[in-house]
Each structure stands twice: as structure tokens, then as C-alpha cells.
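The following exercises with worked solutions concern the structure shown below. Each task is followed by a solution in steps.

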Amino acid sequence: MSEGVEWAAHCCLLLSWIGEDGPVPATRLAAGFDLPAPYLNKQLQALVRAGIATSTPGPRGGFRLARPLEQITMMDIVTAIEGPEPAFQCTEIRQRGMFAGSPESNFRAPCAISTAMRKGEMAWRRTLAKQTLADVNAAATGGLPDLPEQIRAWYART
């Protein structure tokens, strides 16, 4: 999974904390992570395409969340950034090399490695689909209830 998923999830929380007064430019969000704005903008545009965020063009433009945190799952973010394709792609390497030319009947059953990987992937996908950004927000602010205010203050100074 790419680093973009992490940046996108963090940006969603930031947008919920600092975006109440209007759209937040990618350059402002990027400053908080010391990232190049064009890199972060790619992640933000993916969130827009997925319906997680909205984008407003122009000098006063930027990004906002399109839905409340309770309606955005971690799996929504992963899919927005990584796409819907499975993380593991079985290429049937068991049919190459020493087993090349083996009878087709040897390969009728699904590959045990592919089966194990798909089972694991389905488990983490289900877990992420159940976890909303509201859950993540509660965990992030549970021990630091002033965190959103600290974030807003930092962005107000920049």
C-alpha cells in the first residue's frame, strides 16, 4: 500500500478540523506535512474523484470533505488512492519452471498461496470497511482532546 493512503487519511482529518470556514488549499495542507503541494494534490484529487472530498477552483479554492467523518471509511480512502484491484495478484507461477508442461489437472485447484492471500486481504478489507474516520478521529483525539484546536492554531499562523 502506498504512502499516499496515509497522506490522504491525515488530510481528511485535517479537513474536518480546519475546513469549517471554507475550502483549504493543497498548499496549506502540504505545509503541515512538509510535502510538495503537487504530490499531495494528486492524493486530494483522488479523494475528489471518489466522492470523499470536493474541490473548489480559484484563488479562494481548495478542498473540503464531501461527507461527514461517520460516512467515510478507511476502506473508502484505500480504494480512492490504490484503486479497487486486489493487492495480491496471483500470476500462477506454479505453472512455470520445474512444473512447466505438467498436466492441466495439477492446476485445477486454486493456488494455496493465492487462496491464503485473498483470505487475508478480505479480512483487512472488511476491517477497514467497518472503521470510519469518526472512529479514527475519536482515537486520535481521545488522549489529546485539544489536538483539533492545536491544528487550527498552527494553520492560522501559517
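Predicted model: local features only at pLDDT ≥ 70, side-chain atom pairs only at ≥ 80, totals over all residues.

**Exercise 1. Locate Met117 and classify it as buried, partly exposed or exposed.**

Solution. 
- Step 1. Met117 is placed in helix H5, which comprises residues 112-130.
- Step 2. The limits needed are under 20% relative accessible area for buried and over 50% for exposed, with partly exposed in between.
- Step 3. The relative accessibility of Met117 is 40%, so this residue counts as partly exposed.
- Step 4. Cys90 is 27 residues from Met117 in sequence, and the C-alpha atoms of the two are 9.1 Å apart in space.

**Exercise 2. State how many disulfides the whole structure holds, and explain the case of Cys11.**

Solution. 
- Step 1. Searching the whole structure gives zero disulfides.
- Step 2. A disulfide requires two cysteine sulfur atoms within 2.5 Å.
- Step 3. The closest cysteine sulfur to that of Cys11 belongs to Cys12 and is 7.2 Å away, which is too far for a bond.
- Step 4. Cys12 is likewise in no disulfide, as its nearest cysteine sulfur is that of Cys11, at 7.2 Å.
- Step 5. Both cysteines are buried: Cys11 has a relative accessible area of 0%, and Cys12 has a relative accessible area of 0%.

**Exercise 3. Identify the members of the largest nonpolar core that touch the most other members, and the elements that supply this core.**

Solution. 
- Step 1. The largest nonpolar core has 39 residues, of which Leu29, Leu40, Leu44, Leu47 and Ile77 touch the most other members.
- Step 2. At least two residues of this core come from each of several elements, among them helix H1 (3-18), helix H3 (37-49) and strand E2 (62-65).
- Step 3. H1 gives the largest share of the core, 11 residues.
- Step 4. Residues up to four places away in sequence being left out, Leu40 touches Trp7, Cys11, Ala26, Leu29, Ala30 and Leu35.

**Exercise 4. Decide whether Asn137 is buried or exposed, and name its contacts.**

Solution. 
- Step 1. Asn137 is found in helix H6.
- Step 2. With 19% relative accessibility, Asn137 counts as buried.
- Step 3. Apart from neighbours within four places in sequence, Asn137 is in contact with Leu13, Trp17 and Leu69.

**Exercise 5. Classify the ring pair of Trp154 and Tyr155.**

Solution. 
- Step 1. The whole structure contains two aromatic pairs.
- Step 2. In the pair of Trp154 and Tyr155, the ring centres are 4.9 Å apart and the planes stand at 80 degrees, so the pair is edge-to-face.
- Step 3. Trp154 is partly exposed, at a relative accessible area of 31%, whereas Tyr155 counts as buried at 3% relative accessibility.

Notes. Residues numbered from 1 in each chain as written. Heavy atoms only, no water. Helix = DSSP H or I, 4+ residues; strand = E, 2+ residues; numbered from the N terminus. Buried < 20%, exposed > 50% of the residue type's maximum accessible area, 1.4 Å probe, protein only. Core = buried A, V, L, I, M, F, W, Y, C linked by side-chain atoms within 4.5 Å. Contact = heavy atoms within 4.5 Å. Phe/Tyr/Trp six-rings, centres within 6.5 Å; stacked < 30°, edge-to-face > 60°.
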